[in-house]
Amino acid sequence: MKKPTKMAQPQTYTNNPFDILTEEIIFTILDHLNSHPFAKKSFSLTCKTFYLIESRHRRTLKPFCTQLLERTSFRYPFIAQLDLSLCAQVDDNALNIVSSSSTWKSSLWGVNLSKSRLFSEVGLSSLCVNCVNLVEIDLSNMSEMGDVAAVAIAEAKNLESLWLARCKLITDMGIARIAIGCRKLRLLCLKWCLRIGDLGVGLVALKCKEIRTLDLSYLPITEQCLRSVMQLQYLEDLILEGCYGIDDDGLATLEQSCKPLKVLNMSNCQNISHVGFSCLTNGAVSLQQLTLAYSFAFTADLSKCLQNFPALQSVKFDGCSVTCSGITAIGNWCASLTELSLRACSGLTDEQLSFVVQSHKELKKLDITCCCKITYVSIDSITNSCTSLTSLRMECCSSVSKEAFVLIGQHCRYLEELDVTDNEVDDEGLKSISRCSKLLNLKLGICSNITDNGLTHVGKGCSMLKELDLYRSTGITDVGIAAISHGCSSLEEVNIAYNDRITDASLTSLSKCSSLKVLEIRGCTHVSSVGLLSIAMGCRQLTVLDIKKCFNINDNAMLPLALYSQNLKQINLSYCSVTDTGLVTLANINRLQNMTILHLMGLTPNGLTAALLSCRGLKKVKLHASFKPLLPRSFLGYMEAHGCVFQWRDKAF
Amino acid sequence: MDLKGSLCADTWGKSSSSSGELPKRMSSNNSSFADFDSQQPQQKWEDQIILDYGMRMNSPFPEFNQPQTQSPLPCDSSNQIKFPVQMNEGLQANKTEDWDPKAMLNNLSFLEQKIHQLQDLVHLIVGRGGQVLGRPDELVTQQQQLITADLTSIIVQLISTAGSLLPSVKNNLSAAAPSIGQLGQFTGVLFPPVDDLKGGVQPQNSSGRKVSNNLNHVDLGGNCVTEQNHTVEEHELKDEEDAEEGENLPPGSYEILQLEKEEILAPHTHFCTICGKGFKRDANLRMHMRGHGDEYKTPAALAKPHKESGSEPMLIKRYSCPYAGCKRNKDHKKFQPLKTILCVKNHYKRTHCDKSYICSRCNTKKFSVIADLKTHEKHCGKDKWLCSCGTTFSRKDKLFGHIALFQGHTPAIPLDETNKGLAGPSDRREGNEATSKIGSSINFNFSSNVPTGNGTQNDMDTKGSADDSASFFSSLNFDTCNFDGFHEFPRPPFDDSENPFSFLIPGSCNYIPKTGGDSSLNTLK
């Protein structure tokens with residue numbers, strides 16, 4: 001309607017070569033313009049036409065505040081996915097704006113309200129009634145509303161996905177209402193909805209025949225409702241984490257199991273053994289993923305149960321006590337696993353693990369965190385058998401010798417994620433690991449054996465590195481950091497907390513990583529405002545900053561932060577030398593949502609009040625309890641009414 | 001009527017010497033009690049009723065608080081004698097003798113006057129006929145208000161008088177007990193039982209009945225026994241339906257008894273062979289018989305009549321419903337016998353009688369057996385599980401079953417917390433009013449004034465106070481004027497254990513007097 005006239009005008013008056021391009025072509029270009037967060041913004045600022053096209057192209061919106069929602073709805077008329085989880089103040093008014101927008105009414109199909117607490121059933125109802133195409137709604141953490149909200153949700157007749165995690169006030173009555181109103185539901189998450197029991201879940205299973213994914217974690221349910229759940233024809237994903245009401249005897253009474261089941265999570269089900277498990281999964285031939293963390297012992301019997309799932313790909317036995325016969329029986333499984341987690345299986349020995357990895361050579365992800373007994377032998381067989389490994393997590397495998405890490409680099413070239421926190425890895429190991437050129441995520445926390453030499457190798461070899469953790473790796477100095485920041489320019493997350501030898505020079509070199517988003521320099525006492533200044537200027541995308549116990553950082557660093565780091569969402573300023581002035585300056589960052597302000601020596605209640613009042617998007621503030629009586633109650637009330645939660649800590653300096 | 005009256009009069013004459021026997025028992029054998037009644041001047045009947053009424057209201061109080069082991073010292077017993085005699089005299093003649101608790105006497109005189117006034121008023125209303133309830137004219141409301149005010153003052157007075165008795169409780173026990181007996185007798189004379197015709201069926205009935213567990217309560221006095229009986233009856237009621245099902249006695253292996261309709265509907269099944277008074281339970285009859293002479297006080301006479309076990313094999317008794325065509329009728333093809341008399345009664349009432357008891361809360365459910373009504377009333381209004389179609393359920397799973405079954409039905413969720421007020425005290429009071437309506441118009445009045453009549457009751461939990469006060473008033477009402485409607489007055493549940501006013505509720509007055517003035521207090525004679 002509008003478009004042809006706008007397009008026609010430039011055609012007649014100018015010779016803009018882009019005018020030849022149809023809107024569809026530009027849309028396709030825009031589709032691929034995702035690599036840089038500001039790319040689309042720059043595009044839309046090019047010219048009026050592009051501005052218009054970009055507005056019409058955008059489908060997802062994740063605003064920081066709701067105040068501009070009305071204007072945004074005019075600018076972006078075709079938003080399909082609206083994520084309001086970043087907004088502090090999502091009240092009925094905001095929801096009314098959303099649901100009264102003439103275009104959003106029909107275009108919206110997904111709304112995320114998972115972190116909002118200020119709206120009532122009135123707003124929710126208007127959203128559900130007016131937005132007729134709504135198929136997805138996330139209402140997790142709706143802790144203050146119960147069945148009245150469920151009544152409102154039930155108005156959204158086309159709803160297919162519904163998250164109600166931690167909606168602790170919704171009862172069987174409410175969920176029954178939803179089950180009858182939203183018959184097309186495919187995904188339903190009822191995690192932690194403690195008031196929903198057998199009756200509610202049973203009715204959901206009876207009425208919503210389309211359900212694919214059902215999360216019933218921590219519900220007080222028994223096998224009563226599972227009987228109906230098992231009759232769901234399309235159920236593929238069933239999560240029964242922490243359902244203490246389900247036991248072997250109950251499961252034994254189930255007449256049929258769910259054939260199409262692909263994903264099953266029965267973690268923390270303490271009253272179930274392999275007997276009940278086999279009753280539940282009997283006949284589920286298409287089972288692909290199985291999570292049995294912290295539930296029952298991994299025995300030969302269980303292993304036998306699992307033999308008959310040909311499609312099984314991923315198994316997680318976190319925290320289970322493993323028996324020798326059980327583990328060795330894994331070798332007999334007809335399926336070839338790609339993902340195996342034996343996290344915190346403290347009894348796991350070299351022989352068992354070696355046997356497992358030798359029979360499942362296709363493994364891509366392996367988690368052996370905290371398996372204290374395994375040694376070089378295991379790593380040797382892992383690296384020899386599973387050469388296509390992409391993720392290896394072996395935090396705190398303290399018996400593994402430093403020679404083992406050389407093997408990792410030699411054989412596992414496809415590694416993308418390596419967690420060797422708290423291990424004996426040394427520079428030789430790092431040199432070898434640096435051959436894994438696809439490495440994205442490297443965790444070297446508490447590895448006191450590594451030095452700058454090793455890091456230099458990593459910096460040279462792993463140029464794609466996005467996440468580096470050097471927490472308390474005290475052998476590192478500025479030189480190593482410089483090498484890393486030179487080689488890995490796409491770093492997004494860096495943790496160099498509690499490294500005494502780090503100075504401003506490290507930060508200056510890190511400032512070259514322009515896509516840095518998360519920086520943690522907690523307890524780096526030699527870092528000063530100068531270093532932070534360079535970070536602020538260089539890393540414009542910084543969203544999370546932790547400068548706790550950086551005693552030398554003062555108000556001088558706050559001004560550049562406020563000026564340049566407009567994306568900052570979360571900051572920890574505890575124990576810094578920042579005063580009222582710095583905090584008030586910092587408050588100019590209007591995206592700031594989460595602040596931890598403990599033990600700031602120069603902070604007065606007045607300064608704090610002024611700072612917090614000017615931060616409009618704040619959602620969580622951690623303060624020392626001594627401030628509580630000093631702040632006006634009306635101020636606290638005002639902040640809470642605007643969606644800010646105060647957490648009071650009473651920790652000694 | 002005449003026969004009955006003379007019978008009672010005779011008893012009175014006879015019992016004047018023996019009426020002291022029971023209290024003697026209760027207070028560990030005060031032998032000097034025989035004097036008590038002989039001294040008592042015979043006054044005008046009506047006066048006596050009223051006076052004794054006042055006494056009676058007091059009497060259960062000391063009894064409940066009194067330890068059963070009273071000191072059998074002679075000096076004590078003489079005191080005990082004096083007290084009632086003086087009090088009775090003072091009350092009856094309304095002449096104030098110099099008895100030390102003067103204030104109490106004043107109180108009682110005041111009470112007497114009040115009750116007189118009230119009685120006149122009620123008589124007036126009775127004279128106008130029973131249609132007072134329906135007419136909302138001013139006169140009626142005025143009258144009701146008058147009665148209410150009078151009753152209120154009577155109650156307050158009564159309570160304070162009873163309270164003043166507390167210190168002298170030891171002396172009162174024996175005094176109170178004979179007065180109970182007296183009242184029973186007087187009322188018996190004035191309002192003879194209407195159903196003595198049915199005396200003939202008594203032997204059969206009593207043999208078929210199972211009244212157990214009464215013996216150990218006999219010593220506690222009539223009041224306690226009746227309470228106990230009440231609960232026993234309820235248990236039997238509950239068990240009855242289940243018990244009879246599934247019984248497969250071969251035909252002929254049992255004796256079939258069939259009671260007539262009149263017998264089944266008769267309120268009493270046990271009758272005194274001397275005075276003809278009827279009772280629901282043989283234990284009560286035995287209690288009553290003690291008043292007729294020493295020969296009825298032996299342990300053997302008081303013991304529960306055991307079936308002659310062992311000597312002859314008792315043929316099992318089963319019962320047939322007199323209603324022709326009923327499955328429980330012996331002529332029915334698939335005859336299923338009823339197990340006990342109680343089964344017969346309940347079956348007959350439930351199946352072949354009008355359902356005259358309407359639940360006062362929902363005004364829809366009707367019952368022919370009072371116990372059923374009470375069972376229902378316990379749950380009525382608690383149907384909080386509501387479907388969008390308007391159907392209510394008392395259980396959540398039933399609602400969910402309903403929703404699962406029908407398309408488009410969905411649970412109704414109250415938008416506000418309005419449903420919380422449903423079980424509020426005001427509703428309960430209304431309920432009580434309506435319940436009382438079944439009895440009589442006067443009664444309606446009484447219970448509607450429960451809260452004003454007695455401020456202290458507000459402290460109690462609503463249920464208890466409502467129920468108990470209703471019963472309290474009804475019993476009072478009952479003895480002062482005789483309405484036919486009281487036959488069917490629903491008995492409130494007897495759960496007044498925590499009720500501080502329980503001492504004011506003589507159980508024997510509440511529950512037994514189904515037939516007008518034929519008060520069960522006669523049990524003590």
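Two residues are in contact when they have heavy atoms within 4.5 Å of each other. On that basis, of the contacts in chain A that join residues at least 6 apart in sequence, 72% link residues at least 24 apart. The model on display is predicted.

**First selection: chain A as a whole**

Begin by displaying chain A in cartoon form. Chain A holds 28 helices and 24 strands. Of its 653 residues, 55% are buried.

Next, show the side chains of A:Leu113, A:Leu124 and A:Leu164. These three touch the most other members of the largest nonpolar core, which has 194 residues. Helix α9 of chain A, residues 147-153, contributes the most to this core, with 5 residues. In soluble globular proteins, nonpolar side chains tend to be buried together.

Centre the view on A:Leu124. Which residues does A:Leu124 contact, leaving aside its neighbours within four places in sequence? The partners are A:Leu95, A:Leu113, A:Phe119, A:Ile137, A:Leu139, A:Met142, A:Ala149, A:Ala152 and A:Ile153. Another core, of 13 residues, lies apart from the largest one; B:Met104, B:Leu108, B:Leu118 and B:Ile155 are among its members.

Move to A:Leu342, in the loop that runs between β12 (339-341) and α17 (350-359) of chain A. A:Leu342 has a relative accessible area of 0% and is therefore buried. Not counting residues up to four places away in sequence, A:Leu342 touches A:Phe317, A:Asp318, A:Ile327, A:Leu348, A:Leu353, A:Asp367, A:Thr369 and A:Cys371. For a distance to display, take A:Leu342 and A:Cys370: their C-alpha atoms are 9.0 Å apart, while the two residues are 28 apart in sequence.

Are the two partners buried or exposed? A:Arg343 is partly exposed, at 30% relative accessible area, whereas A:Asp367 is buried, at 9%.

Over all chains, a search of the whole structure finds 19 salt bridges. Select A:Lys262 and A:Glu236, which form one with an N to O distance of 3.8 Å. A:Lys262 is in the loop between α13 (248-252) and β9 (263-265) of chain A, and A:Glu236 is in the loop between α12 (223-229) and β8 (237-239), so the pair ties together parts 26 residues apart in sequence. Both side chains belong to partly exposed residues: A:Lys262 has a relative accessibility of 29%, and A:Glu236 one of 31%.

Turn next to A:Lys517 and A:Glu492, a salt bridge whose closest N and O atoms are 3.9 Å apart. Here A:Lys517 sits in the loop between α23 (504-510) and β19 (518-520) of chain A, and A:Glu492 in the loop between α22 (478-487) and β18 (493-495), 25 residues away. A:Lys517 is partly exposed at 28% relative accessibility, as is A:Glu492 at 24%. To finish with these pairs, select A:Glu54, A:Arg58 and A:Arg75, which salt bridges with shared partners join into one network.

Show chain B and pick helix α13, residues 282-289. How many of the 8 residues of this helix are buried? The count is 8 of 8. The buried residues are B:Asp282, B:Ala283, B:Asn284, B:Leu285, B:Arg286, B:Met287, B:His288 and B:Met289.

Finally, display both chains together. Chain B brings 17 residues to the contact and chain A brings 15 residues. The two chains bury about 1,300 Å² between them, with 72% of that area on carbon and sulfur atoms.

Across this interface there is 1 salt bridge. It pairs B:Lys396 with A:Asp172, with the closest N and O atoms 2.8 Å apart. The interface also has 4 residue pairs in polar contact. On the side of chain B that touches chain A, β7 (385-386) and α17 (396-405) of chain B each supply at least two residues. Helix α17(B) gives the most to that side, with 6 residues. By type, the residues on the side of chain B that touches chain A are 12 nonpolar, 3 polar and 2 charged.

Conventions
Residues are numbered from 1 along each chain as its sequence is written. Chains are lettered from A and ligands numbered from 1 in the order in which they are written. This is a predicted model: local features need pLDDT of at least 70, side-chain atom pairs count only at pLDDT 80 or more; totals for chains, interfaces and linings use all residues. Side-chain values use heavy atoms; hydrogens and water are left out. Buried area is the accessible area (1.4 Å probe) that two parts lose on being put together, summed over both. A salt bridge is a side-chain nitrogen of Lys or Arg within 4 Å of a carboxyl oxygen of Asp or Glu. A polar contact is a pair of N or O atoms within 3.5 Å; within protein, one must be able to donate a hydrogen and the other to accept it, and residues adjacent in sequence count only if both atoms are side-chain atoms. Helices (H or I, at least four residues) and strands (E, at least two) are DSSP runs, numbered from the N terminus. Ala, Val, Leu, Ile, Met, Phe, Trp, Tyr, Cys and Pro count as nonpolar, Asp, Glu, Lys and Arg as charged, and the others, Gly among them, as polar. Buried means under 20% relative accessible area, exposed over 50%, partly exposed in between (1.4 Å probe, protein chains only). A nonpolar core is a set of buried Ala, Val, Leu, Ile, Met, Phe, Trp, Tyr and Cys residues joined through side-chain atoms within 4.5 Å.
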